[in-house]
Amino acid sequence: LKPSCIKALTRIFKISDLDNDGILNDNELNFFQRTCFNTPLAPQALEDVKNVVRRNMTDGVKNNGLSLKGFLFLHTLFIQRGRHETTWTVLRRFGYDDDLELTQEYLFPIIKVPPDCTTELNHNAYLFLQSVFDKHDKDRDCALSPEEVKDLFKVFPYMPWGPDVNNTVCTNDKGWITYQGYLSQWTLTTYLDVQRSLEYLGYLGYAIIYEQESQAAAITVTRNKRIDLQKKQTQRSVFRCNVLGARGSGKSGFLQAFLGRNLQRQRQIRDDHKSYYAISTTYVYGQEKYLLLHEVMPDFDFLSEADLACDVVCLVYDVNNPYSFEYCAKVYKQCFIDSKTPCVVIAAKSDLHEARQHYSLSPHEFCRKHKLHPPQPFTCNTTEAPSKDIYTRLTTMAMYPHMAQADLKNSTFWLRASLGATVFAVLGFAMYRALLKQR
């Protein structure tokens, strides 16, 4: 076997080793056999295969299962006996071409995403990703240590996640990506770059494990946002909030606070590990939704349509800096005054002294004039994790843009939404569904 073939067969072994114990047990061998050759092995045939390996090498069979060494030996044996087509059938099934590279058709199946539609993972994709997480979370602490992350991505030709990912999603006290953070990162990748998500799912063998034609089966393309607005309801699960503000206004702090990090924890983040995205879950009326925050660079000349396309906008100013609010007023009047996108003004660093803003209108007067919600005080300079209320509110506005303006003064609207979140958190989803059924 050439090194490139060993590399390919090692990836195939890792994908087929569903419990990640380094051994292909009878069930896994049968699944592999059925996947590649459409027929399971009879129990006696399975034993015969293992006996051949046992006779020829000492550590080819462990705990009555096939080790990687045994698996590679079998393929060497096939080739020595002139049965090259057996090994090639396996390689083809797992996406390889004549040069032992994964084919473009395998990694990038065609998926059409019309304008104004977004891409999300469907239920089966989340189930698959959960199983991948469980397979690699060896110590069962619901987080992936750096070693566990490395192990998970061994089936990739490169490391897809850099250190910025740890500042994009929720982590535990050690800075390791939690289960929720892991699913959030996959959700973010699928939303921002569906081709990359398809490629990653291809490396993990989604279509093989779930017996689908391709990993495009893992993706839901949402309907046009215009239809959502007409029907005044949405089936989407991921909502994008663009965060704009002058330099130093507190945008990064606002993103990190969403991940439960107060100012003290934020100060430990290295500049070269910074992320301009933050994603996590919120609950609106008891439904779990993803809110994706994107910090937009403040240079007016470089604001593209992509920077402005979103479901809700946050305009952040520093209450302590008298020149901070002017940027929010300018960007609102230039980009959002005539748009249907809900906007919220965030009065950041609200623990500091409030300086009088050098602008013709005060932030409160500006919001009143433009029928915006009054500025929302916000600080991440807290001893505990910062409050999540504002993020629930943002998600609610993104889900119900038609109600966001009409109901700004109606506190019961927000109370109902956040009460749904509280009920969800306290009772858990199953109980909440039961309550809805009774109702």
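In helix α1 of this predicted model, the buried residues are C5, A8, L9, R11, I12, F13, K14, I15 and S16. Helix α1 covers residues 3–16, a stretch of 14 residues. From its first C-alpha to its last, α1 reaches 20 Å, which is close to the 20 Å expected at 1.5 Å a residue. In an α-helix there are 3.6 residues a turn, so residues three or four places apart point the same way.

The protein chain as a whole contains 21 helices and 13 strands. Along the principal axes, its C-alpha atoms fill a box of roughly 85 × 45 × 40 Å. The chain has 439 residues, of which 51% are buried. Among the contacts with a separation of 6 or more, 69% are between residues 24 or more positions apart.

The largest pocket was then examined. Its volume is about 780 Å³. The pocket is lined by 31 residues, and those closest to its centre are D116, Y191, K225, A309 and C310. Sorted by class, the lining of the largest pocket consists of 15 nonpolar, six polar and ten charged residues. Four helices, α9 (179–192), α12 (225–231), α15 (305–308) and α16 (325–336), each supply at least two residues of this lining. In general, empty space is found by rolling a probe the size of a water molecule over the atoms.

Two individual residues were also considered. T395 lies in helix α18, which spans residues 389–399. T395 has a relative accessible area of 0%, and because the limit for a buried residue is under 20%, T395 counts as buried. When neighbours within four places in sequence are left aside, T395 is in contact with F239, T282, V284, K289 and L291. T382 is 13 residues from T395 in sequence, and the C-alpha atoms of the two are 23 Å apart in space.

C142, by contrast, is placed in a loop, between helix α7 (123–136) and strand β5 (143–144). Apart from its neighbours within four places in sequence, C142 is in contact with F133, D137, T178 and Y179. Between C142 and K369 there are 48 Å in space, C-alpha to C-alpha, and the two are 227 residues apart in sequence.

Technical notes:
Residues are numbered from 1 along each chain as its sequence is written. This is a predicted model: local features need pLDDT of at least 70, side-chain atom pairs count only at pLDDT 80 or more; totals for chains, interfaces and linings use all residues. Side-chain values use heavy atoms; hydrogens and water are left out. On a 1 Å grid over the protein atoms alone, a cavity is a set of points where a 1.4 Å probe fits but cannot get out, and a pocket is an open set with protein on both sides within 12 Å along at least five of seven lines; lining residues have an atom within 4 Å of a point. Grid points are joined across faces, edges and corners, and a volume is the space filled by probe spheres set on the points. Ala, Val, Leu, Ile, Met, Phe, Trp, Tyr, Cys and Pro count as nonpolar, Asp, Glu, Lys and Arg as charged, and the others, Gly among them, as polar. Buried means under 20% relative accessible area, exposed over 50%, partly exposed in between (1.4 Å probe, protein chains only). Contact means heavy atoms within 4.5 Å. The expected span of a helix is 1.5 Å times one less than its number of residues.
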